[in-house]
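Dear colleague,

Please find the structure below, handed over for your work. A summary of the findings follows it.

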Amino acid sequence: MFGGLLYTPRATRHTPTMNIPTTCPRCQHAFQTEYLDSGIHELTCPACQGRFALFIRKHRFETLFDLGTRALLDGYAREAVVNFAAALERCLEFYLRSALLERFAAQGHTLEDAAGELEATWKLLVSQSERQLGAFAAVYLSRQGRAPDFLTPQGLGAEFRNRVIHRGYLPREQEVQDYAAGLFALMNRLLEDLGDAALQATL
């Protein structure tokens, strides 16, 4: 379900950077540039000095999961856990936003009005992860008609995450792979539950 993202922890090792590879459309020179939070990169080719723009068409959770995978491949297991955990949080946010935009559309609201109301509400939750989780649970129950039974410490890998992030535990590679695989399956499930709503939110 992820747009162009494959979970391949045993792939060939990369150089230890969090840069994104790109190719100059003018001279075909391949080089790397650092990720920008906006996803929009205005670049100058180091070979021909040609200028072009690169737009990353991935959702935030996809980019974070990608960064986690690359960190793990490069041997940075602890850093990978941080990115994987952030990817899950942003995927839950994506589900929440998609479901609410879908409901607004069904009620005849314009996308601009719906997005404005959603942003105003999200500001009340943005700095409190527990509130975000509660809002997600309520929206999931309302849309899917069933409780989010995966929102348990075991289902979210919360104990492992907290040991790594808050207690300084240095995880083994296999532990991180297992953690990432569980989150990957959960995020795919959420995207499958969303169905067309995910496409609508993307557009």
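What pattern does the protein chain follow when read along the sequence? The pattern is β-β-β-β-α-α-α-α-α-α-α-α, and the secondary structure comes to eight helices and four strands (DSSP runs numbered from the N terminus: helices are H or I with at least four residues, strands E with at least two).

This is a predicted model, in which local features need pLDDT of at least 70 and side-chain atom pairs count only at pLDDT 80 or more, while totals for chains, interfaces and linings use all residues. Residues are numbered from 1 along each chain as its sequence is written, and side-chain values use heavy atoms, leaving out hydrogens and water.

Of the 203 residues, 40% count as buried (under 20% relative accessible area, 1.4 Å probe, protein chains only). The accessible surface of the protein chain is about 11,600 Å², with 54% belonging to carbon and sulfur atoms (Shrake-Rupley method, 1.4 Å probe).

Leaving aside residues up to four places away in sequence, Tyr95 touches Phe136, Val139, Tyr140, Arg143, Gln144, Leu190, Asp193 and Leu194 (contact: heavy atoms within 4.5 Å).

Yours sincerely

Terms used. Buried < 20%, exposed > 50% of the residue type's maximum accessible area, 1.4 Å probe, protein only.
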